[in-house]
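This briefing is meant for a reader who is meeting the structure for the first time. It takes up aromatic pairs, then helix packing, and then the confidence of the model.

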Amino acid sequence: MNVLKLEFYKARRKRYWLIVAAISAVQALWLIWSLRNMDASKLAGGYLNSLYQFAVLNSIVLPVMIAVLVSRMCDIEHKGSNLKTLFTMQPPGSLFDAKFFCAGIHIAAVVGLQIAVILLVGQIKGFVPPKPDSALIWYFGSQLLCSLFLVLFLQIIALRHINQFIPMSVGLITGFLGLMAMFFPERVMRLVPSAYYGLLSPVHMDWNRAARTVSYYQAPFPVIDGALLIAALVILYWFGRKQFVKREV
């Protein structure tokens, strides 16, 4: 706990919360703009529509945001060879854990703000009740899980390389691949980490080609995809932490 507090203390002047606020504001404005013209039928599916749109946005935007956040957190330690000093005062594993949980808390705030925006916009626009409480809870958990995997993946890269352009580039590429993967079958999407924002989303879209209409529905939980991502997260955490503890600085 003290190590985590120290991580937040080091972040005081980095203003990570500005990154959280900026991304949340951009996504909120996008949602408001996309829902500007809604008839009665669209209001009936307003909550599901919003959840689907945020999941798609997350696959593009959050990998970039996470790359910026993680690279700034890890860049502190690379400057002035701070890792050598820190390793004399605390175990390397605890530093790895603290950075992961610090970034995870910021990401949880982003997903929580997304749900708050959906509920607020629903009240303003007059979405037809009831609110899909189970879908909202599922959305929070699934989007956070995907984000934690990307945090871990990019943190391992950022701690490994002094040049923070490398994790930033990986984040940009991951965001691009998350967008492109949406147009491919699920077996292809499973190969792209950022595509899991859509795979694990509680809401799916159905396009009626004949009527040229779009409908949104709450899909069953994808147990296989969820288990696959959790297993990958656990294995990557074990591997990344082990390599960081063993590294020579």
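In this predicted model, the count of aromatic pairs comes to 6. One of them joins phenylalanine 96 and tyrosine 237 in an edge-to-face arrangement, with 5.6 Å from centre to centre and 75 degrees between the planes. Because phenylalanine 96 belongs to helix 6 while tyrosine 237 belongs to helix 11 (residues 223-246), this pair ties together parts that lie 141 residues apart in sequence.

**Helix 1 and helix 6**

- Helix 1 (residues 2-10) packs against helix 6 (residues 92-125) at an angle of about 60 degrees, and their axes are 9 Å apart.
- The two helices, helix 1 and helix 6, are therefore oblique to each other, and helix 1 passes helix 6 in a right-handed crossing.
- On the side of helix 1 the contact involves Val3, Leu4, Glu7, Phe8 and Lys10, which meet Ser94, Leu95, Ala98, Lys99, Phe101, Cys102, Ile105 and His106 of helix 6.
- Sorted by class, this contact of helix 1 with helix 6 holds 8 nonpolar, 2 polar and 3 charged residues.

**Helix 2 and helix 6**

- Helix 2 (residues 16-34) also meets helix 6, with axes that come within 10 Å and cross at roughly 30 degrees.
- Helix 2 and helix 6 are therefore roughly parallel to each other, and their crossing is right-handed.
- Helix 2 contributes Tyr16, Trp17, Val20, Ser24, Gln27, Ala28, Leu31 and Ile32 to the contact, while helix 6 contributes residues including His106, Ala109, Val110 and Leu113.
- By class, the contact of helix 2 with helix 6 has 12 nonpolar and 4 polar residues, and no charged residues.

**Helix 7 and helix 11**

- The axes of helix 7 and helix 11 come within 10 Å and cross at roughly 25 degrees, which means that helix 7 is roughly parallel to helix 11.
- The crossing of helix 7 and helix 11 is left-handed.
- Among the residues in this contact are Leu145, Cys146, Leu148 and Phe149 of helix 7, together with Gly226, Leu229, Ile230 and Tyr237 of helix 11.
- The contact of helix 7 with helix 11 has 15 nonpolar and 2 polar residues, and no charged residues.

**Confidence of the model**

- The mean pLDDT of the protein is 83, and 88% of its residues reach 70 or more.
- Among the elements of the protein, the lowest mean pLDDT (65) belongs to helix 5 (residues 82-89), whereas the highest (92) belongs to helix 7 (residues 133-160).

Key:
Residues are numbered from 1 along each chain as its sequence is written. This is a predicted model: local features need pLDDT of at least 70, side-chain atom pairs count only at pLDDT 80 or more; totals for chains, interfaces and linings use all residues. Side-chain values use heavy atoms; hydrogens and water are left out. pLDDT is the predictor's confidence in each residue, from 0 to 100. Helices (H or I, at least four residues) and strands (E, at least two) are DSSP runs, numbered from the N terminus. Axes are lines fitted to C-alpha atoms, for helices over the stretch in contact, and angles run from 0 to 180 degrees between N-to-C directions. Angles under 35 degrees count as roughly parallel, over 145 as roughly antiparallel, 65 to 115 as roughly perpendicular and the rest as oblique. A crossing is left-handed if the near helix is turned anticlockwise from the far one by less than a right angle, and right-handed if clockwise. Contact means heavy atoms within 4.5 Å. Ala, Val, Leu, Ile, Met, Phe, Trp, Tyr, Cys and Pro count as nonpolar, Asp, Glu, Lys and Arg as charged, and the others, Gly among them, as polar. Rings of Phe, Tyr and Trp (its six-membered ring) pair if their centres lie within 6.5 Å; planes under 30 degrees apart count as stacked, over 60 as edge-to-face and the rest as tilted.
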